[in-house]
Amino acid sequence: MNQTIFVLTGLPGSGKSTITDRILQACPESVVVCKDSVRTSLNGGHYVFDPAKESFIHSCAQALVHLAVEEGLNVIIDETNTMPLNRMSWVEFVRHYPRLTVKCLWCMETARNAEDRKSVV
């Protein structure tokens with residue numbers, strides 16, 4: 001498989017984490033980049049959304065993606081990404097790496113399916 005950037009898109013509870021787990025099982029040479037994790041790391045283990053810090057958060061996420069790509073890893077960008085501008089910022093970023101494949105995946109699991117998934121585990 002070509003080195004791939006997976007840009008996940010979906011509302012909370014739509015199955016992004018489930019898709020992430022499936023990609024990791026199929027492609028163990030992948031890493032997950034999640035801005036929520038960056039926010040949590042920068043706030044002593046607590047999730048804090050501060051609009052004033054979002055540019056910095058995005059820059060941190062981009063740096064992580066860059067490092068992973070340079071190591072030859074696939075990258076899963078696990079974010080809501082529902083705004084086209086957010087998705088396009090990742091597509092534009094990846095254009096600096098012409099050898100990469102970009103896959104934008106919409107996660108649209110219904111609340112009912114999410115409940116069924118929880119009961120299976």
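## Exercises on salt bridges and a helix face

D36 and R39 are joined by a salt bridge whose closest N and O atoms lie 2.6 Å apart. The model used in these exercises is a predicted one.

**Exercise 1.** Work out how D36 and R39 are placed in helix α2, and whether R39 is buried or exposed.

*Solution.* Begin with the spacing: D36 and R39 are three residues apart in helix α2, which means that about one helical turn separates them. Next, take the accessibilities, where buried means under 20% relative accessible area. R39, with a relative accessible area of 7%, is therefore buried, whereas D36, at 36%, counts as partly exposed.

**Exercise 2.** Find which parts of the chain the salt bridge between R39 and E54 ties together, and which residues share its network.

*Solution.* R39 also forms a salt bridge with E54, the closest N and O atoms being 2.6 Å apart. Because R39 belongs to helix α2 and E54 to helix α3, the pair ties together parts that are 15 residues apart in sequence. Both of these residues are buried. Finally, salt bridges with shared partners join D36, R39 and E54 into one network.

**Exercise 3.** Identify the buried residues of helix α4, and explain why they line one face of the helix.

*Solution.* In α4, which spans residues 84-94, the buried residues are R87, W90, V91, F93 and V94. Viewed down the axis of α4, these buried residues fall within an arc of 160 degrees, so they line one face of the helix.

Notes: Residues are numbered from 1 along each chain as its sequence is written. This is a predicted model: local features need pLDDT of at least 70, side-chain atom pairs count only at pLDDT 80 or more; totals for chains, interfaces and linings use all residues. Side-chain values use heavy atoms; hydrogens and water are left out. Buried means under 20% relative accessible area, exposed over 50%, partly exposed in between (1.4 Å probe, protein chains only). Helices (H or I, at least four residues) and strands (E, at least two) are DSSP runs, numbered from the N terminus. The arc is that of the directions from the helix axis to the C-beta atoms. A salt bridge is a side-chain nitrogen of Lys or Arg within 4 Å of a carboxyl oxygen of Asp or Glu.
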